Amino acid sequence: MTKVLFSNQLPSKIVSRAFLQELANFVLENEKQSQSGSLSVALVGKEEIRKLKREFFGEDRYTDVISFNYGLTEKDSIWGEIVISLPVAEEQARERNIPVKEEVSYLFIHGLLHLLGYEDSDPESKKVMTERAKSLLAEFGKFQARKSLIKKAEKARALAYAPYSRFQVGAAIAGREGEVFTGCNIENASFGLTVCAERVALWKGVSAGVRDFSRIAIISTSSQLCLPCGACRQVLYQFSPGIEVVATRVDGSYQCFSLKELFAFPFTLSSEEE
Ligand code: THU
């Protein structure tokens, strides 16, 4: 596995080493590359990157990212370096009206793809590379959102009231605007009155005024994927037929499903049929 190193002091408020490590792992895994050794990252000023561009590429201009491939050498050595100009990234983020962290992430992916052999010297390969970088950034966003939802579901599971089944479940559901509601299963001496974690989470959201949900993560203490029961599928379908279900095992590994595939033929009142 590649270890990400910082070769200068970064303003950690924008992007931490741990964040870039996760991003590098994600890109390398998706590109089916497993590099040992280290990847060095430097965030530099405008004049510094201009100097590097002039020195190594003979072009006297500001740029946003430069990468250097040092090739595969000994196990613990640095095989590549990515230099990003933070002020340039900030300007570009402002122009594109996106957070600086997103722009830096994009530039990091772009630099890393160069190190993995992608080129952008002609329009055709540039198109391929840009599309790949964009799709990796979008997928990484989803990956992070899923991880964060799973963490919240895990926390909610600790509050499960399951004295009868001893099967503890936690769920976390995200609204379209990003707000998250959590739930745990709540059992009753009259067994049939038990409510699943998913419905508790969903009802908390609906009762807070949210009706459109993008994703739900579910986790129990089992090594099997925790999938919603039929009743919960029906209830989820009522509000968000397109919701993504992140069924998680106790170790945090997961599989994603669309509710449509889990619940292909829902019950609807004929007046509601599409
Ligand atoms: N349970 C959930 O909370 N969610 C599911 O998806 C399946 C089952 C709960 C209900 C009950 O408290 C216990 O797990 C055993 O069925």
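Seven of the seven residues of strand E2 (residues 38-44) are buried, so the strand is largely enclosed by the rest of the structure. Keep in mind as you look around that this is a predicted model.

Let's stay with E2 for a moment. In a regular strand, side chains alternate between the two faces of the sheet. Which residues of E2 sit on each side? Ser38, Ser40, Ala42 and Val44 are on one side, with Leu39, Val41 and Leu43 on the other, and both faces are covered.

E2 also has strands to pair with. Strand E1 (residues 3-6) pairs with E2 in the parallel sense, over four bridges. One of the residues to look for here is Lys3, whose bridge partner in E2 is Ser38. Strand E4 (residues 78-85) pairs with E2 too, again in the parallel sense, this time over seven bridges. There, Val41 has Ile82 of E4 as its bridge partner.

Now hop over to helix H1 (residues 17-30), where you'll find Gln21. Is Gln21 buried or exposed? Its relative accessible area is 10%, which is under the 20% cut-off, so Gln21 counts as buried. Setting aside neighbours within four places in sequence, Gln21 is in contact with Met1, Thr2, Lys3 and Val4. Lys3 is the residue that bridges to Ser38 in E2.

Next up is the ligand. Its surroundings are made up of Ser165, Phe167, Val169, Asn185, Glu187, Thr194, Cys196, Ala197, Glu198, Leu227, Pro228 and Cys229. Sorted by type, this shell has seven nonpolar, three polar and two charged residues.

| Residue | Atom in the protein | Distance to a ligand oxygen |
|---|---|---|
| Ala197 | polar backbone atom | 2.9 Å |
| Glu198 | polar side-chain atom | 2.5 Å |
| Leu227 | backbone N or O atom | 3.2 Å |

How much of the ligand does the protein cover? On its own, the ligand has 370 Å² of accessible area, and the protein covers 79% of that.

One last stop is Arg199, which belongs to helix H6 (residues 197-207). Arg199 is buried because its relative accessible area, 16%, is under 20%. Leaving aside neighbours within four places in sequence, Arg199 is in contact with Cys229, Ala231, Cys232 and Val235. Of these, Cys229 is also one of the residues around the ligand. Arg199 and Ala171 are 28 residues apart along the chain, and their C-alpha atoms are separated by 8.7 Å.

Terms used:
Residues numbered from 1 in each chain as written. Predicted model: local features only at pLDDT ≥ 70, side-chain atom pairs only at ≥ 80, totals over all residues. Heavy atoms only, no water. Near = heavy atom within 4 Å. Polar contact = N/O pair within 3.5 Å; in protein donor to acceptor, adjacent residues only side chain to side chain. Areas by Shrake-Rupley, 256 points an atom, 1.4 Å probe, with all protein chains shown as cover. Nonpolar A, V, L, I, M, F, W, Y, C, P; charged D, E, K, R; others polar. Helix = DSSP H or I, 4+ residues; strand = E, 2+ residues; numbered from the N terminus. Buried < 20%, exposed > 50% of the residue type's maximum accessible area, 1.4 Å probe, protein only. Contact = heavy atoms within 4.5 Å. Pairing = 2+ DSSP bridges.
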